[in-house]
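This report covers selected packing, pairing and backbone features of the model below.

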Amino acid sequence: MIDAIRTDRLVLRPVHPDDAEAIRAQIADWDVMRWLSQPPWPYTLQDAVDFIGSCSPDDLTTTAFAITHAGAVIGVIDMRINPALLPLRGPGPHLGFWLGRAHWGNGYTTEAARGLLASAFAAGVGDTVYSGAFADNAASLRVQEKLGFVRNTETLVFARPRGREFPHVNTKLVKSAFRTA
Amino acid sequence: MMVACAVLPAAARSAAGPTNPFLRLPMVTIATHRLVLRPFRRSDAKEFTRLAGDWSVASMTSDIPHPLSEGQARGWLKPGRREVRFAIELEGRLIGGAGYYQRRSGTAELGFWLGREWWGRGYATEATRAVVHYGIEVKRLPGFTSSHFVDNNASAGVLRKLGFEPTGRGRIICTARGYEVEAVTYWLPARYAVQAQPVMARAASAGRWRAWLSRLAGRPA
């Protein structure tokens, strides 16, 4: 079991079955969903239950974290290894995140990602973490840039909510380039 | 489940159109819903030999010899100058290939094959749909052609699902069989490929299609 990660304003803790409705309420929003590759659309409570069920809280690279602010879930961040996507993204954990629309523009994503990355590097996940975003997702790419990620490759990636492949920028962060502030 | 990759004379200049500013880096992999398409590697030779060494696979392609040696397989895995060849991977395992040969005129001949144990689950449709999308949206190809031998219903099903329309018949050499085999030929103009996409995709592509039409008609877009 892994501990919660605390940052200045946020607490990241492994997702729990009780988070299903809070997650559904935030992610079942086209303005969030249209930037994501994996979730189904339309998104039901059962999809949130299944997502939480796919996480195992033993390891940083197998679970997903609820991003909580003042006790409320405002988004999800994870750093899981998806073996099926290794040829695309490289042999390491892959950082992924989303934030409910009501919470955009406050720097929460950068803060959460920075907290998770610091814990992950300290825990010895390796020297490289991969991430990425659909090519038109400037907000996400800007978050990654602030953390020290650089563009690595570009691919077409299937966006499940949108039902086809779209250009996707893959990024990577080496430990020595990680910007902690 | 595969289509003949017609072997056509190599030609010169790349006909790829203007590039999208987002796509400056080489795009050599595609993640579809269930599959990953990536370049072939030398280490694929063994599994490729096993999968494509199957008569039921090789006899439906134009250019896979039978029997297939690992040396021949290594040669086959290297794409020619105007070829794009993706390995189709499912959960880390090689299951087939898909790609195209681009003609001087710009249109491309689509080809694909799957190992026999992977037939019947929609993988060929999923992989070729992504390859066609890549060719049209990223490489700005004006359209695709393809073909299958007359005794290959599975590939006919794939091409129709993608929106390809039959254009006629021809005889294409089948290396495995050692003689020319009657084939059905197809085409898919970019417009139809766009229409075969879900609704969300259409708006972005309509302008490009109009531009291509105008070029065809000799008018500025």
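Helix 1 of chain A crosses helix 3 of chain A in a right-handed sense; a crossing is left-handed if the near helix is turned anticlockwise from the far one by less than a right angle, and right-handed if clockwise. The model is predicted: local features need pLDDT of at least 70, side-chain atom pairs count only at pLDDT 80 or more, totals for chains, interfaces and linings use all residues, and side-chain values use heavy atoms, with hydrogens and water left out. Residues are numbered from 1 along each chain as its sequence is written, while chains are lettered from A and ligands numbered from 1 in the order in which they are written.

Helices (H or I, at least four residues) and strands (E, at least two) are DSSP runs, numbered from the N terminus. From helix 1, A:Ala20, A:Glu21, A:Ile23 and A:Arg24 meet A:Leu45, A:Ala48, A:Val49 and A:Ile52 of helix 3, where contact means heavy atoms within 4.5 Å.

In chain B, strand 5 (residues 108-114) has 7 of its 7 residues buried, that is, under 20% relative accessible area, with exposed being over 50% and partly exposed in between (1.4 Å probe, protein chains only). Strand 5 of chain B runs antiparallel to strand 4 (residues 93-102) of chain B, with 7 bridges between them, and parallel to strand 6 (residues 143-149) of chain B, with 2 bridges. Two strands pair if DSSP finds at least two bridges between them. B:Gly96 is opposite B:Leu114, and B:Glu109 is opposite B:Thr145.

A:Asn170 belongs to strand 8 (residues 164-174) of chain A. A:Asn170 counts as buried because its relative accessible area is 3%. Beyond four places in sequence, its contacts include A:Leu88, A:Arg89 and A:Ser131.

A:Ala70 lies between strand 3 (64-69) and strand 4 (72-80) of chain A and is exposed at 79% relative accessibility. B:Glu91 lies between strand 3 (83-90) and strand 4 of chain B and is exposed at 65%.

| Bond | Omega |
|---|---|
| A:Trp41 to A:Pro42 | near 0° |
| B:His66 to B:Pro67 | about -5° |
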